[in-house]
Amino acid sequence: TLSADVFRTLRNPRILGIAIELLDAKSIQDMQELTVGRLLFEHVRQCERTGASTLSGFTFAKTLQNLAKDVVERLKNQQLDDLRLVDTNLNERIRTVSSSRFFKAISEDPDLYEIEEEGLQLALGLWLVSALHADLRNNRSPSERLGVVLDPIGALDMTTEVVAYATEIVCLREPCPLPVASALIRSFVSLQNASTIRPEAL
């Protein structure tokens, strides 16, 4: 059976269409293989293919990653007010991606958008993968650094989800360095409530 998270995500007609395309293309054998992370990642790719976003898939993902980096810096500095709000006047790339399902408009200000919870989790997953790549490049162990890197987002109560998204990202992208992938997979499996959040990703 589908997890509650996947079922809720498939209620979006655009995302349901992506799931059907994956089935038709034999990329998956049945719906039970789907995860929210896979669906959102495929959504990024579709935005590029269909022209829903003028950004490439890489640039789209990089924009989300940089947004997550800003959120983490604010968390480190205890700047928690309006943490998920972004001003599209300050970032042209954010304005471009704000029409995607990752954001919703704030009615009182046409320039303000709020990143949806799933969008933030995906963005933080992208950021986490990038941060561990940086550690590896600089001769630091991703396994040893993972706890430190994750510490600021503990305040969001979504560590399990972020690690799950990051793990899916390294599986869906081009081959990932083994130390980064193994650090994420071990962390995901060891998280106490991982199997209840995203059992289909195990």
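Guide: Contact here means heavy atoms within 4.5 Å. The model is predicted.

Visitor: Fine. With that in mind, which residues is Leu124 in contact with, leaving aside its neighbours within four places in sequence?

Guide: Leu124 touches Ala68, Val72, Ile153, Leu156, Met158 and Val162 by that rule.

Visitor: Which residues have the most contacts inside the largest nonpolar core?

Guide: Leu124, Leu128 and Leu184 do, in a core of 54 residues. The elements that each supply two or more residues to this core are α2, α3, α4, β3, α6, α7, α8 and α9.

Visitor: And which element gives the most?

Guide: That is α6, with ten residues.

Visitor: Let's switch to α8. Is it mostly covered or mostly open?

Guide: Mostly covered, as eleven of the 14 residues in α8 are buried. Among them are Val162, Val163, Tyr165 and Ile169. Glu161 and Glu168 are buried in α8 too.

Visitor: How far apart are the end C-alpha atoms of α8?

Guide: They are 20 Å apart. At 1.5 Å a residue, the 14 residues should span 20 Å, so the two values agree.

Visitor: Is Cys171 buried or exposed?

Guide: Exposed, because its relative accessibility is 57% and the cut-off for exposed is over 50%.

Note on methods
Residues numbered from 1 in each chain as written. Predicted model: local features only at pLDDT ≥ 70, side-chain atom pairs only at ≥ 80, totals over all residues. Heavy atoms only, no water. Core = buried A, V, L, I, M, F, W, Y, C linked by side-chain atoms within 4.5 Å. Buried < 20%, exposed > 50% of the residue type's maximum accessible area, 1.4 Å probe, protein only. Helix = DSSP H or I, 4+ residues; strand = E, 2+ residues; numbered from the N terminus. Expected span 1.5 Å × (residues − 1).
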